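Subject: Structure handover

Hi,

Here is the structure for you to look over. My notes follow below it.

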Amino acid sequence: MCALICAGGKGTRAGFNKNKLLKDVLGIPVLERTIAAFAAAGISEIVVAAAQEDFPEIAPLCRKYGATLCEGGATRFLSVHSGLKRAKSEIVLIHDGARPFVSAETVAACIQSVKTYKSGVCAVPATDTLAAANENGEIESYPVRAKTYRIQTPQGFYLAEIRAAYEQAIRNGETDFTDDSSVYAKYVRAPKLCAGEEKNSKLTYAEDFRKAFARVGIGVDTHAFGRAQNYIVLGGVQVPSESGLIAHSDGDVLCHAVMDALLSAAGLKDIGHYFPDTSAEWENADSMQMLAKVISLVRGQGFRPANLSAAIQAEKPRLAKYIGEIKKSLASALSLPESAVGISAGTNEKLGYIGEGKGITANAAVLLEQI
């Protein structure tokens, strides 16, 4: 089996100044993720068609996985045509390099379709109403949704047939096809659809990259009662209390849990590293100012908060009437809409140090998206 990966794009629609497949996301280029997906699926021959200007960055990735690198063309059609000349296996799976989430199951289904029906075009049923419009944007017809599909890749064929189809298209001067199944349909026979999957999405716009490469972080913090003050601080909000929480800073246990969750998701060290309790700078410090520094550190790693979920465990004081204000405070600090922040509070049913009223624990989970 051969996987022919198209990697000649420029990333123009994503607004990048380089090939989007070379964008480093979570430490790994998109193209490497795509190549690795086929290697993990047991595909022994991998051909990558790319622009020569990108060879210095792509060649090391190909060597790492034993893939063959060849020069593509000015369009996807021409890149596939070039790659087909280098392929050797009986069956070839043509795939967009910008679909790094293809699974081994999808690859296997595509191969089986080729063996059974001579072709396999991964697709998922359309869920939106589709319309065909003229150049003025006026709708001319509505295809029957039950018969429409969103075409994906890989698209699998016997190499001899798809190579011959491309050669015939070249001879006829027809090179404006947008995918391989349409070439096959015109010059060979009607292609056969096979099951694709929703997660096998294509990274086209900058927003696709932010959504696709999100990170999750969890933070937990605990502070004991005992400070001589008549309030505690939670998420930057003062809540009346019989005594305050003991801490080097202002003891905002919720804010500290959020900070650790953010740092963890970004792959950074914990708050003890950045705000040591031996430092006079952070003694009695406002934790919301510390949170602002953490957000700056996270943004420096190329991420921003997408949402926050936090739970406070406290037998006292009662927190219900303060949750709205706490939610608003944290949403503002994280530059999020309040709808993206969830705060809950509960007791510990009189059990343990929380139930005995000796302290408070806060748990936080955050989702980071790429900037």
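Below are the findings, starting with how the values were made.

This is a predicted model, in which local features need pLDDT of at least 70, side-chain atom pairs count only at pLDDT 80 or more, and totals for chains, interfaces and linings use all residues. Residues are numbered from 1 along each chain as its sequence is written, and side-chain values use heavy atoms, with hydrogens and water left out.

Strand 18

Nine of its twelve residues are buried (under 20% relative accessible area; exposed is over 50%, partly exposed in between; 1.4 Å probe, protein chains only). Strand 18 pairs with strand 12 (residues 215-227) in the antiparallel sense, over ten bridges. Pairing here requires at least two DSSP bridges between the strands. Strand 16 (residues 303-313) also runs antiparallel to strand 18, again with ten bridges.

Val366

Val366 lies in strand 18. It counts as buried because its relative accessibility is 3%. Val366 touches Arg215, Val216, Gly217, Ala261, Leu262, Ala265, Asn307 and Leu308, leaving aside residues up to four places away in sequence. Contact means heavy atoms within 4.5 Å. Val366 and Ala265 are 101 residues apart in sequence, yet their C-alpha atoms are 7.4 Å apart.

The cores

The largest nonpolar core has 49 residues. Such a core is a set of buried Ala, Val, Leu, Ile, Met, Phe, Trp, Tyr and Cys residues joined through side-chain atoms within 4.5 Å. Leu254, Leu262, Leu291, Leu308 and Ile343 have the most contacts inside it. Helix 8 (residues 253-265) gives the largest share, ten residues. Another core, of 34 residues, lies apart from it; Leu22, Ile58, Cys110 and Cys122 are among its members.

Leu291 touches Cys255, Val258, Met259, Leu262, Leu330, Ala333 and Leu334, not counting residues up to four places away in sequence.

Arg227

What is the nearest side chain of opposite charge to Arg227? It is Asp250, 6.3 Å away (Lys and Arg count as positive, Asp and Glu as negative; His and chain ends are not counted). Arg227, in strand 12, is buried yet has no salt bridge (a Lys or Arg side-chain nitrogen within 4 Å of an Asp or Glu carboxyl oxygen). Its side chain does reach the backbone oxygen of Ala247, at 2.6 Å.

Best wishes

Methods
Helices (H or I, at least four residues) and strands (E, at least two) are DSSP runs, numbered from the N terminus. A polar contact is a pair of N or O atoms within 3.5 Å; within protein, one must be able to donate a hydrogen and the other to accept it, and residues adjacent in sequence count only if both atoms are side-chain atoms.
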